[in-house]
Amino acid sequence: MPTPKKSSKARPRPPRQSFLPGLVDSKNQFGGLLDLRVTFDEVKGFTELVWREQGSKKIVAVGRVRCTGADQLTWETEVDGRRESAFSSQRPDSIHAAFGVWLKQFPSDRSTFSAGWLRLQSGTDKLLRRDEPRFGADENICAWIETTIWEMAETLRFQFLPPPRRTDEIDYQPSPYIERYRRKMERQEQKRAEDEARRQKILDEIAEKRRKREQRQAEAQQIAQANKSPANKANSKLQLPKGQLSPLERAPLPPLPMRFEMPPLEFQETTFPLDDLCGFFLRERAALWWVSNQSDDLLCLPHCRIEQLEYQLRTALRVLGPLRGRALLSDEVGLGKTIEAGLVIKELLTRGMVHRFLVLTVPSLVDQWEEELADKFNLTTATTNHVGARNDPQKFWSENAGIVASLHTLKQAAQLEVARQIKWDILIVDEAHYLRNRESQAWQAVNALPRQFLLLLTATPVQNSIEELYNLVTLLQPGQLPSPKEFRARFLDPKRPRQPREPEDLRRLLGQVMIRNTRANAGLKLPPRRAETVLFEPDEAERGFWEKWEREFRDRLSNLNASQASLWGRLLLQTAGSSPAAWKLALEKFPDAGAARAWREQAPLETSWKRKCELIPPLTRIEGGAVIFTQFLETQAALADYLRGMRVETFVVNGSTPAPQRQPITEEFRKRGGALILTHSGTEGRNLQFSRNLINFDLPWNPMEIEQRIGRLHRLGQQHPVHIYNFVQAGTLQEHLLQILQEKLNLFELVVGETGLVLGERFSSDEFAEEVFHRWHASEGRVAEAMAGLGDELAAARDAYGEVKQLDETLFAKDYEAL
Amino acid sequence: MKLERIPHNPGQLLEFYEEGLTKLGALCERTWHDRLEVVAEGPAARLWHPDGAIHEIELQFAPAEAASARNAIREIFPGCPLTFHLTEALRISPLPLERFILPEDPLARPPDATVMEKLWRAQFPDTHRWRLAAPLQPDIHFALLALARCEIQAMDQHWSLHRIAASLTDGEPDPDLSRNISFHQITGDLAAEIAWPPPDPARLRELLSQTLERELAGELDRIRSRQENSLRRELARIDDYFESYERELTVRATRSSSENSRLKTADRLAAAKAEHARRRADQLARHEIRVHPHLDALLLVAEKGWRAQLRLERSRHPGEVEALFVPRLRQWKLAGRFCQT
């Protein structure tokens, strides 16, 4: 352990007063006070406390305090060979509390207390022991020990901090601004924690009340039953001794039920005996070919570029087999419902059973579906994002064999009128929870489409009431569930619309149309993600320029019409957060050319650019290199130049990189490490789970895009925790945006795929970026306040999603798996 | 008899298509070793058009290992839908109960009594003092032969095709007939004199059901073993969970001295037990094995036999029984019940 560093933040050593609170007068399990020896081991990096019986050498207990995290201490004790561990933060009050527990457990005698140090002799490998001078009667031993442990922790905690923080701290002198900012962040953090605690308390209270109420009801029922039956009364007082189990629990394996369902025999009689058996044998061969033609495997697999996961293949086979091409796929988020649906489409196409397919999804996922189908299944599709869909709906819907369309587009009367004239062989509805209301336009539109096979995809089929499930299943298999009235009467409890009344029957009926894989049954477990905000500081001149520019820019935008203002506002604000090169290039076409020229000439932007870039080389030296995402080609080029100048192995992939070259470049990066710089188009189809460091060099205003970036690394096959470094300039809109995405939306903790579900209909497409821009534009400089309002909306959406997720997990736990 | 699946063989499949489509009335011509040109109308054309309008197409029979994308319109490949359509078109609905007469061996005479006695003793070792009560009379033995596609639904779905046969006389399976039916030639000699038994659907259904159950016993054993392993794992998981829960509750109850708390714990234990039983029952239901037979052909087979009235002793009791000797099987079939005299 290195010698504790006397940092400026170190707590002053307290006077060594004579005070051992609550120790000397207590009796304990060891029959009296114990001798205590404290050793601060600088070599191994821990503090060891050894308690012995008074006047003897017999060790009663050994305690060790280790620094095990950036803000974590582990308190281990060993008594009679039994080990226990506790954790505390590194704050002095936490250390005081943890140490207090030990002293209470092992009361010590101050008269025999001793302390010492174990360190290496300078310049040699020899261990040196040094005893602390005896403490005087007026010295506070406890406080001294606590302070020393705190200092040790302060010294050792740096090894647990991620590199950028260290670089940041070492390279730059903290400016008053950073201090102010730090204090502000602390206040915000404290406020957030208080809010969260309050919210949690309220939720706990509600849950507790509900639990008590249910318990009371159950008790009342059981008491009523017990009163009726004397046997029950006797049983209710029965208590099983430890380890004794009811006979049912370890009963032998019951005989498996088997049903032989011979159909009723219906035949037509023939008058004359056969002259030959040719017809019989032809029918026999036909039956044999029918059986032989049944494929137990998916024929399409050789034509798919997917990781063949057992549960996905089983799901596809079940949809194609027993479910006869109509199913509700309700896998947990992130298990690949898209892949399963793609497999079904591809298999049906391969077997020639379908020719036209239509995928309906929310607008924000249209492009993603198109990309996935092309990349993984080699299926070319037309999408409603193309101009053709708007200009000539008739041609668009009738001439494309595969279409990915947004539900919003389909709802338009002109589009629906054309789409409903076509017989779709297979219809896939992604995010099918939008069809939960049968009165809704979306439900009506989907119901109007003629289709042979139908797949509904949603991780959350029930959001408010199980009646929603009825609406989904009715789309799939009308008649599978009874009439609405009967369904309500049989399954729906009006007081508890989320709890089915006859769960067994409902489960049986749903099992015939629904598949739900869970992470547990799929055996998927990914390592954690750690997000780190890396703030870089502009110099005074730059800060002044940006403040002035924002004011002027806001004014100039007021002269443009709404769509122009939104377009230019979003472009220039985002490029400003990316790189000077991207920003300057974007300015070239700004409608107010005079202002643009002036801004370009005035802008002193090199300092912050340099500071931002300097943070990257250390990260590229970590095993697996660093994957850097940016939105702009100019930023990519400028960053690549900088890194090459710093002799960092740099690889670049963007939309202009020919498809056959992308994989070799990625492979080279995997072998050699360094930096891989990607733009959005460059990320398509890239699986980068071999790397564990992701740098968001700039921040897209679309949370789904950030999620997609994360999903490239944090996916199946990733073996290590993924570190996400978000680079933002202090005091900018990007910083506020990142803050709400991180704190309110929990973007970096959500499972890949959940962001869309949280954002839901409120921010279904490009609307999040639009909302950010409008709030910035209307804020009159008070950007933090404007973003806080958006943050509250995100937090509410996150909470609502959490409830729905919980409900669905409870309703459908482990009953509809494909495996 | 289980008929083994045919591996995908373009040549064999082409022959089947040619024969099947011709049977449906189409004109077929092999234009190349793996091509078949078809001109179809009516039932054959319904494979492509529901209205049965005339259709002309050249089918290509692709090897199984071809990796290129399939053209389901003209290409025949493993899993191809046209093969399913053709096989279904060849199936007749409702199923005809066809009749067929097995040819009589021209050299066959009434079997020797000693031989018949030996065969009887081998077949029924618990009987003694075997005697013919009257001379043998020529008679007809009837058997039912069926083709059944069996769908077994367990963790997986299994399809298999079985040719099964059973004697209408004693209801016993007739594996020889199911195995050797293809070697028998046609005969028309007996057609006029045969009094075919009136078909009884319920009895025939029962007969088929029993025979199929016996036929599938081996396969079902294997599937049952797999299902049992899976069920065992699931039940162990459930049992472990409830065991630890119950232990936890019990420990909690021992900590408290309050009577009320003990009662509550006992109630919870009872609820946990009920839930435990429900989960086990649920798992058991999920592991159920279902067998759905689908019949493709029914054939009533007639063949010459010898009826005899026999006197014999069973368990020291003398009596008479009517039996039918089937020369093909070299077996006796009991045609009536043993009557003590």
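Trainee: What is the mean pLDDT of chain B, and what share of its residues reach 70 or more?

Mentor: Chain B has a mean pLDDT of 85, and 94% of its residues reach 70 or more. This is a predicted model, and pLDDT is the predictor's confidence in each residue. Within chain B, confidence is highest in strand β3 (residues 35-40), at a mean of 94, and lowest in strand β13 (residues 339-340), at 79.

Trainee: Which values describe the confidence in chain A?

Mentor: For chain A the mean pLDDT is 79, and 85% of the residues reach 70 or more. Residues 163-174 of chain A have a pLDDT below 50, and beyond near neighbours in sequence this stretch has 17 contacts in the model. Residues 230-249 of chain A are also below 50, with 34 contacts beyond near neighbours in sequence. The model as a whole scores ipTM 0.88 and pTM 0.48.

Trainee: How many residues of chain B and of chain A are in contact with each other?

Mentor: In the model, 105 residues of chain B are in contact with 76 residues of chain A. The area buried between the two chains is about 8600 Å², and carbon and sulfur atoms give 61% of that area.

Trainee: How many salt bridges and polar contacts are counted between chain B and chain A?

Mentor: Side chains of opposite charge can pair when their charged atoms come close. Between chain B and chain A the count is five salt bridges. One pair that meets in this way is B:R163 and A:E284, at 2.7 Å from N to O.

Trainee: Which elements of chain B supply the side that touches chain A?

Mentor: Several elements of chain B each supply at least two residues, among them α1 (10-23), α2 (81-90), β6 (95-101), β9 (157-167) and α6 (259-286). The element that gives the most is α5(B), with 24 residues. By class, this side of chain B has 53 nonpolar, 16 polar and 36 charged residues.

Trainee: Which strand of chain A is joined to β6(B), and in what sense do the two run?

Mentor: Strand β9 (residues 267-269) of chain A is joined to β6(B) by three bridges, and the two strands run parallel. Within this pairing, A:Q268 has B:P96 as its bridge partner. The loop between α2 and β6 of chain B holds B:P94, and the peptide bond that joins B:S93 and B:P94 is cis, with omega about -10°.

Trainee: In what sense do β4 and β5 of chain A pair?

Mentor: In a regular strand the side chains alternate between the two faces of the sheet. Strand β4 (residues 72-79) and strand β5 (residues 82-88) of chain A pair in the antiparallel sense over seven bridges. A:L73 has A:S88 as its bridge partner in β5(A). The two strands form a hairpin with two residues between them, and A:D80 in the turn has a positive phi of about 50°.

Trainee: In what order do the seven strands of the open sheet in chain A stand, and why does each edge strand have one side without a neighbour?

Mentor: The order is β12-β13-β11-β14-β15-β10-β18, and the pairing is parallel. β12 (382-383) and β18 (514-515) stand at the edges with a single partner strand each, so one side of each has no neighbour in the sheet. Inside this order, β14(A) and strand β15 (residues 451-457) pair in the parallel sense over five bridges, and A:W424 has A:R451 as its bridge partner in β15(A). The loop between β14 (424-429) and α14 (441-448) of chain A contains A:E431. A:E431 has a positive phi of about 50° although it is not a glycine.

Trainee: How many salt bridges are found over all chains, and how far apart in helix α30 of chain A are A:E771 and A:R775?

Mentor: A search of the whole structure finds 56 salt bridges over all chains. The side chains of A:E771 and A:R775 meet in a salt bridge, at 2.9 Å from N to O. These two residues are four apart in helix α30 (residues 767-778) of chain A, so about one helical turn separates them.

Terms used: Residues are numbered from 1 along each chain as its sequence is written. Chains are lettered from A and ligands numbered from 1 in the order in which they are written. This is a predicted model: local features need pLDDT of at least 70, side-chain atom pairs count only at pLDDT 80 or more; totals for chains, interfaces and linings use all residues. Side-chain values use heavy atoms; hydrogens and water are left out. Contact means heavy atoms within 4.5 Å. Buried area is the accessible area (1.4 Å probe) that two parts lose on being put together, summed over both. A salt bridge is a side-chain nitrogen of Lys or Arg within 4 Å of a carboxyl oxygen of Asp or Glu. Ala, Val, Leu, Ile, Met, Phe, Trp, Tyr, Cys and Pro count as nonpolar, Asp, Glu, Lys and Arg as charged, and the others, Gly among them, as polar. Two strands pair if DSSP finds at least two bridges between them. pLDDT is the predictor's confidence in each residue, from 0 to 100.
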